[in-house]
Structure formats: C-alpha cells, structure tokens
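Student: Can we go through this model? I'd like to start with the pockets and then look at some strands.

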Amino acid sequence: MIWIQNNWFKIGVLVLLAIGIFLWLNLQEVRGISDDVVLKSVSNKDLVGSVKDTYENSTNLPSHNTVCLPKSKYLCSEDGCTESEINVFVLISGDSSNITLSRCDDSPCDTYSVQSDDSGQFKILQPEPKNGMLFKMSYLDLSYTEIITSGTSSYITFGKCKFLN
C-alpha cells in the first residue's frame, strides 16, 4: 500500500498511456474499415413504402406470424458497398420445431424450411439445405439483418420485424 502511495503519479501515467495506445489502435482499425467500405446514406424511403404497400395489398401470401420489412439494402463486393433497390420483404411462420421463411416481392413468394438457432438475444435462420442466405433477428428491438450471397458478392438488408400474434 505504501508503494502505491509513493508511486501514484507513475501508475497514473502508465494507465493513461495504456488507454491512449488502446484508443489509437482502435481508431486505426475504424479508419481502415471506413476507407475500404463506403456505405451511401439511405435514400430508399419511397421504396420502403412500396414494399410495405406490396405486403399490405397482397392477397395471396403464405400464412405467417411475423412480417419483416426492410429499411435499407446494400450490394457489397471487394470494391465496397453501394445502395441497392429495396424490393423484398420476409414472412416467418411456424413454431420452434417447424419454421418456414418466405421471401416475397410483387411476384409469388419463395418459401424455405429453415434451421433455427438462438444465440443470446438473437434468432438465426438458415434455409435447409444451406443456399448462401442468413437471417438474423434481435429479440431486443426486432431489428433484422438478412445476408444473401451471389457469387462473391453479398446483398445485405436491414429492417424491422413485427410479431402478428
């Protein structure tokens, strides 16, 4: 205890130096990411409304207890990410032992049997057999991310889900 009292200034300087190095390293990492991946600001608000209109006006949808509407969508490749057209909404149905996921637009829906896993506060759905798609929803705020791979590029969609029951 006496040693700490006699060396408090040196200990404080070392702690501040360690914090400074930690922050500097993290800033370098963030700068590298922001230089490599440029996300444009979302200006798809009219498209979001049209997808919601498509959902609300559809008369031939698969039965479902959850609807997930997109807010933004990007196409990402090794060259970065660009905003992409929002045109698909997601419907989820079934119970914990038999879940289906339907991807719908203004054409008939494509429906998949999915494997369901919980990871902390998240529900993760993947089609069976796997086809390069991942759907992850937060139980906390019902936000979701959907990743669809196409070759070595990926479509990444962000949105919100709503339980209907």
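**Pocket and hairpins**

Tutor: The largest pocket has a volume of about 210 Å³. A pocket is an open set of points on a 1 Å grid over the protein atoms alone where a 1.4 Å probe fits, with protein on both sides within 12 Å along at least five of seven lines. The volume is the space filled by probe spheres set on the points, which are joined across faces, edges and corners. This is a predicted model, where local features need pLDDT of at least 70 and side-chain atom pairs pLDDT 80 or more, while totals for chains, interfaces and linings use all residues. Residues are numbered from 1 along each chain as its sequence is written, and side-chain values use heavy atoms, without hydrogens and water.

Student: Which residues line the largest pocket?

Tutor: Among them are Asn 65, Asp 95, Lys 123, Tyr 139 and Phe 163; a lining residue has an atom within 4 Å of a point.

Student: Which element gives the largest share of that lining?

Tutor: β3, with three residues. Strands are DSSP runs of E, at least two residues, numbered from the N terminus.

Student: Other topic. How do β7 and β8 pair?

Tutor: β7 (residues 133-138) and β8 (residues 143-150) are antiparallel, over five bridges; pairing takes at least two DSSP bridges. Met 133 is opposite Ile 148.

Student: What sits between β7 and β8?

Tutor: Four residues, in a hairpin whose turn includes Leu 142, with a positive phi of about 60 degrees.

Student: And how many bridges join β8 and β9?

Tutor: Eight, again antiparallel. Two residues separate β8 and β9 in their hairpin, and Gly 151 in the turn has a positive phi of about 65 degrees.
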